[in-house]
Amino acid sequence: GVFSMHGQPEAVGDLFQMCALKKYASKALAFIKCQNEKQSIIPANAKSCADKVGIDFEALSKCALIEDEGINLLKASITASTRRNSVWSPTIYLNDKNICLLDSVPCSFKDPEGLKDLICKAYEGDFEKCTKKSNLRQLEKRSYVHELTQQK
């Protein structure tokens, strides 16, 4: 089975989120954000969040709960986290360099704007969003690793 630091509901939520990232990359963060707004009801809010952001809930459920794909995606994420010695969330990589491990140097941001500033300082290249005010909401601690990759 799948186990998570915050119990079985979070583990099932992780399966839905891994499948959303794989199958609906452009809508996945909106899906995860929606779920995190009411963490106490994950995974029960998967359908309403999928509907809200335009994800096919039947296909998402098939990936997360019926086929082995969700489990395999979660195992791959755990393997990648373990390989990088990531033990806490968020752990953020940019261009394969660890730029943030929560509550440690250099990752001592206190709000979403601070996180954006951290990413922009590490980013190599011209990125429009690094010059504009962020509209990120309060970050939620989750039990998986977020990786950011610079597009060239």
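This is a predicted model: local features need pLDDT of at least 70, side-chain atom pairs count only at pLDDT 80 or more; totals for chains, interfaces and linings use all residues.

Residues are numbered from 1 along each chain as its sequence is written, and side-chain values use heavy atoms, with hydrogens and water left out.

A search of the whole structure finds two disulfides, a disulfide being a pair of cysteine sulfur atoms within 2.5 Å.

| Pair | S-S distance | S-S torsion |
|---|---|---|
| Cys-19 and Cys-63 | 2.0 Å | about -80° |
| Cys-34 and Cys-49 | 2.2 Å | -75° |

The disulfide of Cys-19 and Cys-63 is left-handed, because the torsion about its S-S bond is about -80°. This pair links distant parts of the chain, with Cys-19 in helix α1 (residues 8-23) and Cys-63 in helix α4 (residues 57-66), 44 residues apart; helices (H or I, at least four residues) and strands (E, at least two) are DSSP runs, numbered from the N terminus. Cys-19 is buried at 0% relative accessibility, and Cys-63 is buried at 1%, where buried means under 20% relative accessible area, exposed over 50%, and partly exposed in between (1.4 Å probe, protein chains only).

The link of Cys-34 and Cys-49 is also left-handed. Cys-34 lies in helix α2 (residues 25-37) and Cys-49 in helix α3 (residues 46-53), so the pair ties together parts that are 15 residues apart in sequence.

Trp-88, in the loop between α5 (69-83) and β1 (91-94), is partly exposed, with a relative accessible area of 40%.
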